[in-house]
Amino acid sequence: MSKTEVVAMLLAGGQGSRLGVLTKSVAKPAVPYGGNYRIIDFPLSNCVNSGIYTVGVLTQYQPLVLNDYLGNGHPWDLDRLNGGVHILSPYEAIGGASWYKGTANAIYQNINFIEKYDPKYVVILSGDHIYKMDYSKMIEFHKKNNADCTIAVLEVPWEEASRFGILATDDNDQIYEFAEKPAEPKSNKASMGVYVFSWDKLRKYLCEDEADENSSNDFGKNIIPNMLADGQRMFAYPFKGYWKDVGTIDSLWEANLDIINPNVDLDLSDTSWRIYSRTPDAPPHYIGKNATIENSSISEGCDIDGTVEYSVVSSKVTVEEDAEVRFSVIMPGATIKKGAKVYYSIVAEDAVIEEDAQVGAIPENLEDPSTWGVAVVGSNAKITKGKKVEPKDMIPSGEEV
């Protein structure tokens with residue numbers, strides 16, 4: 001196998017429990033987003049646009065939909081003889097290793113895969129963030145600083161800083177302190193979960209971490225602090241632009257509606273940095289003569305005869321006459337029947353909202369988060385005629401209520 005300068009490892013095995021019913025039977029990176037995409041399309045497209053063509057996707061929780069979606073990697077130009085996309089599931093190996101115990105252990109268990117390509121640098125990515133980023137610029141930054149580890153950072157609001165790994169840096173962007181989700185953060189520079197490592201150093205610390213019986217086998221809790229404590233050259237790469245961790249219902253709903261917000265810097269039609277996806281086979285959407293659509297994204301294969309406002313509607317969705325969809329995310333194949341109302345909600349794949357049912361409600365006071373919330377209907381669920389689903393309710397996948 002010829003030498004490859006950069007290998008990307010994409011962590012896509014998390015359960016995504018905060019997304020509730022949306023991840024009951026699907027891995028979080030495979031959750032639909034933005035009408036025509038799934039979350040994993042963003043890091044995969046970033047890799048290809050950055051000139052990185054060897055990508056390992058580490059799966060574990062509910063991988064079937066994700067595996068089918070990735071296929072041979074063709075939509076992302078990753079169906080290559082040398083490199084390409086590789087699905088890396090945990091397996092029982094010599095020594096008894098099996099399930100991934102943490103983010104660092106997941107990479108450790110795939111050392112043989114990485115070494116097959118003999119890279120100089122390894123990029124570690126998360127499969128659950130929405131953003132566009134040129135990793136090649138971050139790698140150049142890493143080289144220029146002769147770094148052992150470079151961490152992409154984004155300044156976040158101070159009130160949110162305790163949710164992230166927080167870095168403190170000097171005037172040259174060199175990291176001198178790191179704290180994972182500190183109760184009292186000293187900085188608002190948050191780790192984005194995007195790392196560039198010099199492979200020789202990362203390999204050493206992965207092996208030492210695996211030998212430590214008390215380790216959590218996690219990058220943020222173990223690898224990064226250990227490298228910092230040993231005085232390794234660690235730098236923060238400042239990122240400017242849109243980035244969203246879609247690990248909660250509210251953040252996933254917000255990120256979807258961001259694509260129809262002209263004040264948000266997330267242009268999915270930008271041909272200079274395309275987000276590639278496995279788009280469905282569907283005819284152009286149909287808008288009926290009595291339909292009303294305002295400031296919404298309507299994907300191919302939809303049949304719209306009702307009202308859609310400030311919403312993102314995925315492929316093959318039906319909105320029947322007199323139905324209303326407002327400030328909502330409708331995932332592929334869902335049906336909103338005659339007279340049904342869907343407000344401030346996420347309706348998952350192939351769910352059915354029967355006639356005159358209502359999901360969610362229009363908030364009386366948007367400024368007070370305690371007075372409203374996003375309702376969620378799981379995939380293949382059915383809300384029966386006239387039934388009302390309250391804000392913040394979650395209807396499990398496959399259930400009829």
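Gly-165 touches Phe-178, Ala-179, Glu-180, Lys-181, Lys-189, Ala-190 and Ser-191, when residues up to four places away in sequence are not counted. The model is a predicted one, and in it Gly-165 sits in strand S9, which covers residues 165-169. With a relative accessibility of 7%, Gly-165 counts as buried, because buried means under 20% relative accessible area.

**Annotated binding site**

- An unreviewed UniProt entry places the feature "binding site" at Tyr-100, Gly-165, Glu-180, Lys-181 and Ser-191, and the lining of the largest pocket includes Tyr-100, Gly-165, Glu-180, Lys-181 and Ser-191.
- Among the residues that Gly-165 touches are Glu-180, Lys-181 and Ser-191, which the UniProt record also lists under "binding site".
- Tyr-100 lies in the loop that runs between strand S5 (84-88) and helix H3 (103-108), and its relative accessible area of 11% makes Tyr-100 a buried residue.
- Leaving out residues up to four places away in sequence, Tyr-100 touches Leu-58, Thr-59, Gln-60, Leu-88, Ser-89, Pro-90, Asn-105, Ala-106, Gln-109 and Asn-110.

- Where the domains meet, 17 residues of domain 1 are in contact with 27 residues of domain 2.
- The size of an interface is often given as the accessible area lost when the parts come together.
- Between them, domain 1 and domain 2 bury about 1700 Å², and 71% of this area is on carbon and sulfur atoms.
- On the side of domain 1, the residues that lose the most area to domain 2 are Val-21, Trp-253 and Ile-260, which together account for 38% of what that side buries.

- Asn-256 has its place in helix H8, residues 249-258, and at 1% relative accessibility Asn-256 counts as buried.
- A polar atom of the side chain of Asn-256 lies 2.8 Å from the backbone oxygen of Leu-252.
- Apart from residues up to four places away in sequence, Asn-256 touches Tyr-33, Gly-34, Val-312 and Val-329.
- Thr-307 is found in strand S18, residues 307-309, and counts as buried at 16% relative accessibility.
- When neighbours within four places in sequence are left aside, Thr-307 is in contact with Thr-292, Ala-323, Glu-324, Val-325 and Arg-326.

**Positive phi angles in loops**

- Asn-217, a residue other than glycine, has a positive phi near 55°, and Asn-217 lies in the loop between helix H6 (199-211) and helix H7 (219-229).
- The relative accessible area of Asn-217 is 5%, and Asn-217 is therefore buried.
- Asp-350 is not a glycine either, although its phi is positive at about 60°, and Asp-350 is found in the loop between strand S25 (345-347) and strand S26 (352-353).
- At 40% relative accessibility, Asp-350 counts as partly exposed, whereas Asn-217 is buried.

Methods: Residues are numbered from 1 along each chain as its sequence is written. This is a predicted model: local features need pLDDT of at least 70, side-chain atom pairs count only at pLDDT 80 or more; totals for chains, interfaces and linings use all residues. Side-chain values use heavy atoms; hydrogens and water are left out. UniProt positions are given in the numbering used here, feature names are shortened, and annotations may be inferred rather than shown by experiment. On a 1 Å grid over the protein atoms alone, a cavity is a set of points where a 1.4 Å probe fits but cannot get out, and a pocket is an open set with protein on both sides within 12 Å along at least five of seven lines; lining residues have an atom within 4 Å of a point. Helices (H or I, at least four residues) and strands (E, at least two) are DSSP runs, numbered from the N terminus. Buried means under 20% relative accessible area, exposed over 50%, partly exposed in between (1.4 Å probe, protein chains only). Contact means heavy atoms within 4.5 Å. Buried area is the accessible area (1.4 Å probe) that two parts lose on being put together, summed over both. A polar contact is a pair of N or O atoms within 3.5 Å; within protein, one must be able to donate a hydrogen and the other to accept it, and residues adjacent in sequence count only if both atoms are side-chain atoms.
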